[in-house]
Amino acid sequence: MQVNKNVILLTGGTSGIGKALLKRFMSLENTVIVSSSNQKNLDALQGEYPDIKTIQCDLGDPASLQNLIDRVHFEYQDLNLLINNAGIQYNDNWLTTDDSIPSHIEREVRVNLISPLQLAYGLLPILKDQPNAAIINISSGLAFVPKKSAPVYCGTKAGLHLSTKALRYQLENSNIKVFEVIPPLVDTPMTTGRGQGKITPEQLVDEFMEGFRKDRYEISIGKTKWLRLIQRISPKFADGMLKNA
Ligand SMILES: NC(=O)c1ccc[n+]([C@@H]2O[C@H](COP(=O)([O-])OP(=O)(O)OC[C@H]3O[C@@H](n4cnc5c(N)ncnc54)[C@H](OP(=O)(O)O)[C@@H]3O)[C@@H](O)[C@H]2O)c1
C-alpha cells in the first residue's frame with residue numbers, strides 16, 4: 001500500500017498507538033480524520049495538529065456509531081483507509097459482586113468487536129469506489145493466548161482476528177486490502193502500571209509501516225511473532241507465559 005496521499009479514518013487517534021499512527025501519517029502528506037469518544041481530547045489534538053479533521057463518536061453507542069458512518073458518507077467520499085484502532089480493556093474480577101460487570105461486558109464487546117466490523121461494513125460502499133483502499137484492524141497478541149485478568153478483551157481480540165481473516169477472503173478479489181496489526185505490550189495509557197518489556201508506540205508504527213508498504217496482511221509486531229510460534233509448538237507453555245500477565 002502507498003503510505004501517502006490517503007484519506008484515512010482513524011478511531012482512537014487521541015492516545016497511545018492511535019496518536020503515534022496519526023503523527024506518522026500526518027508527516028507523510030495524508031488527510032486524517034480522527035475519531036474518539038471525548039470531544040475535549042479531540043480539541044486538544046486539533047491544537048497539536050491543526051490540519052486534522054475530527055468527528056466525536058462513542059463506539060460503545062450504536063446511534064453514535066451510525067452518526068459517524070453517516071458523516072463520513074456525507075463529508076469524505078474520497079476515504080480510502082479505515083484504521084480500527086480504538087479499544088478498551090476492563091480488568092474485572094468476576095468472583096466479586098459488581099453491578100457494573102454486565103455493562104462492562106457489553107461495552108467492551110461493542111467498542112472492540114462490533115463497532116470495528118459495523119464501521120467496516122458501513123464504509124464499504126465508499127471504500128469500494130477508491131482505486132486503492134484498505135481496512136486495518138488492530139487486534140492483540142492476546143487474541144492468540146489469553147490472560148486471566150481480561151476475559152472479555154481476549155475474546156473480542158480473538159473474534160477480531162478471525163473476522164479480519166474471513167473478511168480478507170471475502171474481499172480478496174476487490175480493490176480493498178484487509179490488514180491486521182497484532183501488537184505485543186505497548187507503553188500507552190491502556191497499559192499504565194502493567195507488565196514489563198513494553199515497546200513504544202513509535203516502534204510499533206515503524207514495524208507496521210514496513211509491513212503495510214509491503215502488503216503483509218498480518219503484521220505481528222515484536223514479540224508477538226515469537227508468541228505465535230511458541231503457541232503453535234507448545235500451546236500449554238504459551239498459556240503459562242500469559243495466564244498471569
Ligand atoms: N497498549 C497495548 O499494549 C496494546 C496491545 C495490544 C493491542 N492493543 C490495542 O491497540 C489499540 C490502541 O490501544 P492503546 O494502547 O493505544 O490504548 P489507549 O492509549 O487507551 O487509547 C485508546 C483510544 O481509544 C479511544 N476510545 C476509547 N473508548 C472509546 C469509545 N468508546 N469510542 C471511541 N473511541 C474510544 C480513546 O479515546 P477517547 O478516550 O478520547 O475516547 C483513545 O484514543 C486498542 O485496540 C488496543 O486494544 C494495545
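Visitor: Which residues of α4 do Leu-65, Ile-69, Val-72 and His-73 in α3 meet?

Guide: This is a predicted model, in which local features need pLDDT of at least 70 and side-chain atom pairs count only at pLDDT 80 or more, while totals for chains, interfaces and linings use all residues. Residues are numbered from 1 along each chain as its sequence is written. Helices are DSSP runs of H or I with at least four residues, strands are runs of E with at least two, and both are numbered from the N terminus. With contact taken as C-beta atoms, placed from the backbone, within 7 Å, the residues that α4 contributes are Ser-115, Gln-118, Leu-119, Gly-122, Leu-123 and Ile-126.

Visitor: How many residues in the contact of α3 with α4 are nonpolar?

Guide: Ala, Val, Leu, Ile, Met, Phe, Trp, Tyr, Cys and Pro count as nonpolar, Asp, Glu, Lys and Arg as charged, and the others, Gly among them, as polar. The contact of α3 with α4 has no charged residues and 4 polar ones, and its nonpolar residues number 6.

Visitor: Are α3 and α4 roughly parallel or oblique to each other?

Guide: The axes of α3 (residues 62-75) and α4 (residues 101-127) come within 10 Å and cross at roughly 20°, where axes are lines fitted to C-alpha atoms, for helices over the stretch in contact, and angles run from 0 to 180 degrees between N-to-C directions. Angles under 35 degrees count as roughly parallel, over 145 as roughly antiparallel, 65 to 115 as roughly perpendicular and the rest as oblique. The two helices, α3 and α4, are therefore roughly parallel.

Visitor: At what angle do α1 and α6 pack?

Guide: Helix α1 (residues 16-26) and helix α6 (residues 201-213) lie with their axes 9 Å apart, and α1 and α6 are therefore oblique to each other. Gly-16, Ile-17, Ala-20, Leu-21 and Arg-24 of α1 make the contact with Pro-201, Glu-202, Leu-204, Val-205 and Met-209 of α6. The packing angle of α1 and α6 is about 55°.

Visitor: Which residue in β3 is the bridge partner of Ser-36?

Guide: The open sheet has 7 strands in parallel pairing, ordered β3-β2-β1-β4-β5-β6-β7, and β3 (53-56) and β7 (218-220) are its edge strands. Strand β2 (residues 31-36) pairs with β3 in the parallel sense over 4 bridges, strands being paired if DSSP finds at least two bridges between them. The partner of Ser-36 in β3 is Gln-56.

Visitor: Which helix gives the largest share of the shell around the ligand?

Guide: There are 29 residues around the ligand, and Gly-12, Gly-16, Ser-36, Ser-37 and Gly-87 come nearest; a residue is near if its C-beta atom, placed from the backbone, lies within 6 Å of the molecule or strand. The shell has 12 nonpolar, 16 polar and 1 charged residues. Its largest share, 3 residues, comes from α1.

Conventions:
Contact = placed C-beta atoms within 7 Å.
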